[in-house]
Structures are given as structure tokens and as C-alpha cells.
Amino acid sequence: MDDALASTLDAVGPRLRDLPRDRATTLEALSASTGISVSTLSRLESGRRKPTLELLLPLAKNYGVPLDELVGAPPMGDPRVHLRPVRHRGATVIPLTPRAGGLRAYKNILPGAAKPAAPDPQTHQGYEWVYVLSGRLRLVLGDRELELLPGEAAEFDTRTPHWMGNAGADPVEFLALFGPQGERAHLRARPRPTTG
């Protein structure tokens, strides 16, 4: 086996571990849905078992990812840039721009929230603009809290402590433009009047 193939196969275990599994999903549940034994799944994830096509196909189907993404195969013969989603703390972030510098665009998908998450505001250099496609986005900016609905947008200096989360039980999808040098989109959201 050549080094490139061995390296690709060795990377499958960590990829399997990194794929998002619902917290309630166990190896036993994954075994039941794929027909692969728990011990085999465990050995695949730890890298003690080399993956075969008959093991990878049901796993790719279960996770809803293409087989080439599961094994990390390089794109072949297609000159287009293939931007891969990143999963972080339950959220899915899809980069829409391939370069690291300048204005960057992302599509973000946050899963529905059974109960409100505790905000953990962060700061960094730059400027951000967000536009809600669906769902309800909870935006904390300094000491203010906003709820953005589909079609609403906000922009802010990211040196202001900020945090975004889901404000409802349904997933929220939004676009985000980020300029590390402070590029702006010139739209603002206004806080909703409080009732009560």
C-alpha cells in the first residue's frame, strides 16, 4: 500500500470521531442503524481497524455525507473550489469564500434550542454583518440583546463583546460577512420594543 493511501485510510478514524452525533446517539444506536458491530465501530474510530468500502458506505449514508468527504479524498478533475462545512459546538458553518484574507462570507446553521443557551461573548478584530434567512437569531452585543427574524440584518464592530445563538426550537440559518480590517455592509438592526 502506498503512503498516500495509507495516510488517507489512517485519517478515517479521526474523521468518524469528529462527525456530529447527537449526544443521545451511542455506538450501539449507530450499530443498529448501520449493521456494523459496536466493536468494529470502536476499532474504526480508534484507528485499530482499516476501513473497507462495505464499512464506509453505510456510515456515509448514516451521517449523510459523501464517501469522498468521509475519507478526505482530494477532488479530482473539477477546477471548482469545494468548500467544506465545518461543525463546531453543534453549529454548521459553511464558508462561501475560499480565501483567508479580506471580506469573508459564511452560511451558519444553528440547531434548534430546547432551552436558551448561556451567552459566552467574545471579542476580536474586525467587523461583522449578519442576515437571517430562517428561524430566530439571538444576538448579544455588549449589554444589549436582540432577536433577529428572517429578513433582518445587523452589523457590529467585533471588538464589542458579542455572541450569537438560537432564540427558538427550530434551526436558525443566517449569512455572515466578516471583514478582519473593518469592512462594513452599512445595515443595522434596531432592538425590539419590550412589552410587559
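Me: How many aromatic pairs does the count come to?

Reply: Rings of Phe, Tyr and Trp (its six-membered ring) pair if their centres lie within 6.5 Å; planes under 30 degrees apart are called stacked, over 60 edge-to-face, and the rest tilted. By this rule there is one aromatic pair. W129 and Y131 form it, stacked, with 6.1 Å from centre to centre and 10 degrees between the planes. Keep in mind that this is a predicted model, where local features need pLDDT of at least 70, side-chain atom pairs count only at pLDDT 80 or more, and totals for chains, interfaces and linings use all residues. Residues are numbered from 1 along each chain as its sequence is written, and side-chain values use heavy atoms, leaving out hydrogens and water.

Me: Are W129 and Y131 buried or partly exposed?

Reply: Buried means under 20% relative accessible area, exposed over 50%, and partly exposed in between (1.4 Å probe, protein chains only). W129 counts as buried because its relative accessibility is 14%, whereas Y131, at 28%, counts as partly exposed.

Me: Where does T158 lie?

Reply: Strands are DSSP runs (E, at least two residues), numbered from the N terminus. T158 sits in the loop between β7 (153–157) and β8 (162–166). With 0% relative accessibility, T158 counts as buried.

Me: Which residues does T158 touch?

Reply: Contact means heavy atoms within 4.5 Å. Leaving aside residues up to four places away in sequence, T158 touches Q122, T123, H124, Q125, G126, Y127, E128 and F178. For Q125, the backbone oxygen lies 3.2 Å from a polar atom of the T158 side chain.

Note on methods: Helices (H or I, at least four residues) and strands (E, at least two) are DSSP runs, numbered from the N terminus. A polar contact is a pair of N or O atoms within 3.5 Å; within protein, one must be able to donate a hydrogen and the other to accept it, and residues adjacent in sequence count only if both atoms are side-chain atoms.
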